[in-house]
Structures are given as structure tokens and as C-alpha cells.
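What follows is a report for a reader who is new to this structure. Please look through the sequence and the model before reading on.

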Amino acid sequence: MDIGGYYFYELYFNATPFKLMIEVQNIEKSFGEQKVLKGISTTFDAGKTNLIIGQSGSGKTVFLKSLLGIHNIDNGAILFNNKEYATLSATEKLNLRTKIGMVFQGSALFDSMTVEENIGFPLTMFTKKTKEEIAERVNFVIDRVNLINANTKKPSEISGGMQKRVAIARAIVNKPKYLFCDEPNSGLDPKTAIVIDNLIKEITEEYNITTVINTHDMNSVMEIGSKIVFLKNGLLEWEGSNKEIFKTDNEAVTDFVYSSELFKRVRKMYLEDN
Amino acid sequence: MLLRYLTQIGRYFLMIKDVFKRPTKAKVMYQLILKEIDDLVIGSLGIVAFISFFVGGVVTIQTALNLTNPLIPKYLIGFATRQSVVLEFAPTFISIIMAGKMGSFITSSIGTMRVTEQIDALEVMGVNALNYLVFPKMIALSLYPFVIGMSMFLGVFGGWLAGVYGGFMSSTEFIEGLQTDFIPFHIAYAFIKTSVFAFILATIPSFHGFYMKGGALEVGKASTVSFVWTSVVIISMNYILTQLLLS
């Protein structure tokens, strides 16, 4: 069954259709005396590439890890598809986790496994599929992320760009409803970074996944930012799309996004043209 | 300082409890156990055999050279070799060596997984990382008494070869010594100790790897700290068990 069929099945057999939305309501998180998140509220919609941006120390990583449940929040609520995460039972949390795909900054591939085994890992762990069915799905996903001649290689034997593709393939192999990416193109050359960005965007739209990306990369912001959330000192300073970010008057956003002369000139030209 | 140690001890026991929660799929666990048996048990046989054989020989030669009084029967050399190897050398000192060999491997491999976010990846997917990583090691090391059994045999065999072919005694005298005052419970005592040490060898290095923070440098530091603490706990438990079982 392909992923389109899968969602059709879910919609058909479940009374409440999936909105695949993540809603964040006034979340706060402190580490000792230090308050890192100071009340953030926003929503991340399905089929959109939602980007979290901000300076180092602005709380982006803590925010992402709080969404993933790696950090327990002090106050507020995180709702996945209208269900509050904190109120879910252990089994429901576990079920939700199997519907989450994550691409880590360093790819986090298992060193001892081949590319195929890495990608097939979530299926081996959480489904009752046979070896043949797993191999079929793995090969489908490998084709989807354009990984060529890497099936039996170990992660250490492939390039950084290929490792990211493997990480993306592993994240989507079990048909996730939510995809989280932490700096997916850090350490990649600009060309490969754009290829990875576009791949994530295509997958998000194609499979109607709710994608949340933590990034520093301004190319990503301009290319794939359907929704951009700008954090500053643990607060949501601004949110909008990659079109709106050109026009915003918010000084903190313009200082951060257009920090280089080149970007300032590009912005000026864009505003003159529009 | 004391509070820090108590916190760590508490955390260690909580880790042990969490190892048994949310078990990994049996088919996957079976593969993991086989891999750990290969890495930890089979991979240690060579070094254990080498050390046991030669240390057994050295124990015999040292004993023979120190028993110069003609009134002391030569079969006591065999007796001393058996007692040294079976009671202490094989179970305790091989375990200390294994704390360096296996322990460093466990800490550095789990620590590297922590540093490279592989453990986070497991947890985000909904896998109980402690069960996935530590439980197979515990099961694999339930075979550790076989390693120590082999060490005992090779230690005594090395002693026999060194004693007989070194011209210190006859084969009959050595074998007579091996059979003198044999207490079967000593073997049970040695294997009880070995089983406790196996548990320590599987869990303390895992604890240091799993909860480490930092980068590559800290992985190295964690391996060293893990070796120190594993050795300290093995030596302490050796004393406690000897007191409990033999006194």
C-alpha cells in the first residue's frame, strides 16, 4: 500500500479525519534558574515546511526537543492532532512516536548497520512485515530519495549528503505523520543543501506530512519556508511565510535574516520589484 | 561529593530497572544477543586463553622456586597452582582485565552512540534504548562463566606444562597436588563470583556510556572512569562474596 492509500485508509476508517497539525500553547521550559522557553504559542500545519529560526541560544533546539517529548515542558501544552501530548497514556505516546520521523543534525545513522538496515530499522522494530515486504518498502524509499549504489554500504562509507538522504529515508519509511529535522543541511555544500531542502519539501507536500525544521540556513528559509517561526530569547518574535519575511518591518528578524550585505541588497531589489 | 556519588548509585539502579521496561521485539533481540555474544564473549576468548595459560605457568614456576625447603612435598606446587587459579586468578583477575577490554568497548560504543545522537534517534522512534543496548549485553555475559571455566582449565594446564617440562616436579606430583584437599564448593564459589562480576561488567560500563555528556574527548574519559569503577566494584564485591561464602 502506498502512502496515499494509507492516508485514504486512515481517513476512511476513522471517524475523525487527520488534521496532522501540531499546536503549541504557551509552552515554558526552564533548566534550573535559566528560563529557556518563555511562553511560545504557534501552530504547524500539515503539508507545509514549518521552519524554526533564531540565533544560537534563542531556544530553538529546546523548543524542537520539547515538541519531540525529549524535554518535559514546565507549563503550557503541545497538541498533536488535537490531542495533548502530556495527557496521553504511555501506550498512546509510544504509538505517537512510531508516527514521528526525525532527521538529526548529524544524521544519527547506526554505525553497525548498512544503509538498507538503517532505513528498514523502524519497520523491523514496529511492524509485522516480512523480510520481503520490508525490502520492497526500503527499496521504494531509497528510490524516492535518489540514493544510488549505497544499499549495502555502512554510513561511514558514504558522503555527508548521502547520509542525510539515508536519514530522510529512515524518517519516512514507516509513513510518519510528523517529520522533524534538526539542521538538516548543516555541514553540506550549498548545492547539496538545496537538494536536501527540496527533497524535504517535496516529501512534505507529496505525503501531507507536518514537517518542522530547525535551521540556521537562510537559503532554506527563502527556498522552502512555508511558515517561519522566529525565536528570540525564548520568545516567539515573529511568524510568517518566506514571502512575508521580505516585507517585514520587525527589526530583530531583518537583523538576523539580512545580516549580510548580499541579503540586504537582495531584499532591497525584491521590495523594489514588488 | 557524597551526594554526587549517592545520586550516581541511585541513577545506576534506576537504569537497571529501566532495562527491563518495554522489551524490544524478540526477533530483533535474538539477533542483538548473538552479536553481543560474538563481540563480548567470543571476542575475549583469545586474550583470556593467552593470559591464563602463561599466568598459570608463572604461578607454578614462582611457587616451585619459593618452596625450597626439602620437607615440603612437591605436590603442594600443584595444590597452590589450583587454589590460586581457581579461587582468585581466573574469576577475579581475568574480570579486572575484562573490565579494561570489554568495559572500555561497551562504554565507548554506547558513549559514541550518545555523542552522535544515535540513542536520541532510538528514543524518538519509541525504542527503549536501555533495553535495546544493555539487555543483550547482560544476556550475552551470562556465558561469561564459560570463559572463566576455560581460563581455569588453561591456567592449570599452563601450570602443569611449566612445572613438568620445566623440571620442577613430575606429572604425577602435580596431579596429586591438584587432587589434594579438593573442596567442590570452591568451584561453586568461583562461579557465583563470576556470575556477579558478569553482571557488573555488563551494567557499569553501559551506565557510564549511556549517561555520558560531551564529545569525543569525553567518550575517552568515560571509558577510563568506567574501567576504574568497574574494577573498584569487582574488587569490593570479591571481598564481600568471599566473606559471605567462605568465612
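## Salt bridges and their surroundings

With a relative accessibility of 34%, Glu239(A) counts as partly exposed, where buried means under 20% relative accessible area, exposed over 50% and partly exposed in between, taken with a 1.4 Å probe and protein chains only. This is a predicted model, in which local features need pLDDT of at least 70 and side-chain atom pairs count only at pLDDT 80 or more, while totals for chains, interfaces and linings use all residues. Residues are numbered from 1 along each chain as its sequence is written, chains are lettered from A and ligands numbered from 1 in the order in which they are written, and side-chain values use heavy atoms, with hydrogens and water left out.

Glu239(A) forms a salt bridge with Lys227(A), the closest N and O atoms being 3.1 Å apart; the term stands for a side-chain nitrogen of Lys or Arg within 4 Å of a carboxyl oxygen of Asp or Glu. Lys227(A) lies in strand E9 (residues 227–232) of chain A and Glu239(A) in strand E10 (residues 235–240) of chain A, so the pair ties together parts that are 12 residues apart in sequence. Helices (H or I, at least four residues) and strands (E, at least two) are DSSP runs, numbered from the N terminus. Lys227(A) is buried, with a relative accessible area of 14%.

In chain B, Lys193(B) and Glu88(B) form a salt bridge in which the closest N and O atoms are 2.8 Å apart. Lys193(B) belongs to helix H9 (residues 184–210) of chain B and Glu88(B) to helix H3 of chain B, so this pair ties together parts that are 105 residues apart in sequence. Lys193(B) counts as buried at 0% relative accessibility, whereas Glu88(B), with a relative accessible area of 25%, is partly exposed.

A further salt bridge joins the side chains of Glu205(A) and Lys201(A) (3.0 Å, N to O). Both residues lie in helix H7 (residues 190–207) of chain A, 4 residues apart, which is about one turn of the helix. Glu205(A) is partly exposed, with a relative accessible area of 46%, and Lys201(A) is partly exposed as well, with 24%. Elsewhere, Arg144(A), Glu202(A) and Glu206(A) are linked in a network of salt bridges. Over all chains, a search of the whole structure finds 11 salt bridges.

| Salt bridge | Closest N to O |
|---|---|
| Lys227(A) and Glu239(A) | 3.1 Å |
| Lys193(B) and Glu88(B) | 2.8 Å |

## Where the chains meet

In the contact between the chains, 18 residues of chain B touch 26 residues of chain A, contact meaning heavy atoms within 4.5 Å. The area buried between chain B and chain A is about 1,700 Å², of which carbon and sulfur atoms give 66%; buried area is the accessible area (1.4 Å probe) that two parts lose on being put together, summed over both. Between chain B and chain A, the count of salt bridges is 0.

## Nonpolar cores

A nonpolar core is a set of buried Ala, Val, Leu, Ile, Met, Phe, Trp, Tyr and Cys residues joined through side-chain atoms within 4.5 Å. The largest nonpolar core has 89 residues, of which Ile22(A), Phe63(A), Phe180(A), Tyr132(B) and Tyr144(B) touch the most other members. Helix H3 (residues 75–115) of chain B supplies the largest share of this core, 13 residues. Not counting residues up to four places away in sequence, the residues that Phe63(A) touches include Val24(A), Leu37(A), Phe44(A) and Leu231(A). A second, separate core of 47 residues includes Val103(A), Ile119(A), Val145(A) and Val221(A).

## Aromatic rings

The structure holds 19 aromatic pairs over all chains. Rings of Phe, Tyr and Trp (its six-membered ring) pair if their centres lie within 6.5 Å, and planes under 30 degrees apart count as stacked, over 60 as edge-to-face and the rest as tilted. The rings of Tyr12(B) and Phe13(B) have centres 5.2 Å apart and planes at 75°, so this pair is edge-to-face. Tyr12(B) counts as buried at 12% relative accessibility, while Phe13(B) counts as exposed at 52%. Ring pairs also link a cluster whose members include Phe50(B), Phe153(B), Trp160(B) and Tyr165(B).
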